[in-house]
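Open the model in your viewer and keep the sequence panel beside it. The stops below go from the whole chain to single residues.

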Amino acid sequence: MRSDTQINEDEINAKLQIKLFWAMVITGCVANMVGFLSNLALFGLSIPTVVCGACEIMIIVCGGIGIRLRKTKSAATVMVLVLALVEFPFLFYAYGATMGVYLVLGIIGLAVYFPRPYHVPAIIITIVLDIVVVALSYFHSGAIKKMSIENQAGTMLCSYIIVAAAAAVIICNLINQYALQQQHIVSVSQELEYAAHRDALTGVYNRRYLINTLNEWMNKENHHFMAVLIDIDDFKKINDTYGHLYGDEILVELARLMKEGIEGKGIVARYGGEEFMFLFEKPDRQMAFETLERVKDGIGEYSRKTKQITVTFSGGVEEYWTDARIDELFRNADRKLYQAKSNGKNQVIF
């Protein structure tokens, strides 16, 4: 089964492929139509005219088949091969340097459209063929049809405009693709970071993030804060009586209430099992007491509505002073939690 990340990446690449395919079809049709009409007007039904017309038909047919059968990769491969290995070299031999930019466009087309990793040998073969054609054109000095200076200038201008437009469309699409991929990478990184720091069931921070946060806070000069370790009373009994699914519901609801209560005051993390830890940035006992009471009332009300029972929790509060260690903080909070359990549960020891 593919991950959502892979699916999103495939969607981005598929959209780029369609855009590039349409760019080839449209620019190819326009260029060959212009070439066909120009050759027809200047030289009649000559060989270059027939070649341009045949390539026009080929592009239309391949474009239609590619879209109809959703085989745009295969259709693009056929089109770029015909253009780079047949039409462009032939037009250069027929008309000389005025068609030189098409040879460059053929190389670009192979680099963009040809399947990996076969694009490299295809490019090398095309470059060799282009060199041979240029040499033949030079040594045999002759274009199939001689053109006036005005026609040469017009042909060259049209060639540059068509090639520039095609290259611009390709480059713009590739730049947009790069931007989309960068956004996707950032999004995936954020999702991975979120998953690495969160408890999968409850959505609160996990113990790893808790320890990292404690290390950061402890490294601050003269930082004084408060930690509250809480544990759901008789949680095993709840699981045994009402099932683990309901036990998970209690954990999720308690985590929601804790996140709501701690917002703007610190963080909450799942310490392990049915244990959670509050970290209050300010060691305000009254604020901590009021927050815990609201959470206790909320989980009690939820459990009474769902199963006609009253779920409670016990807790231990420990204040951090400079130079204390994390293990000491956990041990002292756990000791007070144990004391709360021993004293009858449903209470928090400060």
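Start with contacts across the whole chain, where contact means heavy atoms within 4.5 Å. Of those between residues at least 6 apart in sequence, 71% join residues at least 24 apart. This is a predicted model, in which local features need pLDDT of at least 70 and side-chain atom pairs count only at pLDDT 80 or more, while totals for chains, interfaces and linings use all residues. Residues are numbered from 1 along each chain as its sequence is written, and side-chain values use heavy atoms, with hydrogens and water left out.

Switch to a cartoon view. The chain has 11 helices and 5 strands; these are DSSP runs numbered from the N terminus, helices being H or I with at least four residues and strands E with at least two. The radius of gyration, taken over C-alpha atoms, is compared with a globule rule of 2.2 Å times the number of residues to the power 0.38. The chain has a value of 36 Å, well over the 20 Å that the rule gives for 350 residues, so it is more spread out than a compact globule. Along the principal axes, the C-alpha atoms fill a box of roughly 105 × 45 × 30 Å.

Next, select I59, M79, Y102, L110 and Y113. These residues have the most contacts inside the largest nonpolar core, which has 40 residues. Such a core is a set of buried Ala, Val, Leu, Ile, Met, Phe, Trp, Tyr and Cys residues joined through side-chain atoms within 4.5 Å; buried means under 20% relative accessible area, exposed over 50%, and partly exposed in between, with a 1.4 Å probe and protein chains only. Which helix gives the most to this core? Helix 3 does, with 11 residues.

Stay on L110. Leaving aside neighbours within four places in sequence, L110 touches V80, L81, A84, R116, H119, A122, I123 and T126. Apart from this core lies another, of 28 residues; select L257, F278, M287 and V348, which are among them.

Now go to V30, in helix 1. V30 counts as partly exposed, at 47% relative accessibility.

Finish at V252 in helix 9 (residues 244-262). V252 is partly exposed, with a relative accessible area of 33%. Beyond its neighbours within four places in sequence, V252 is in contact with L201 and T202. From V252 to F90, 162 residues apart along the chain, the C-alpha separation is 71 Å.
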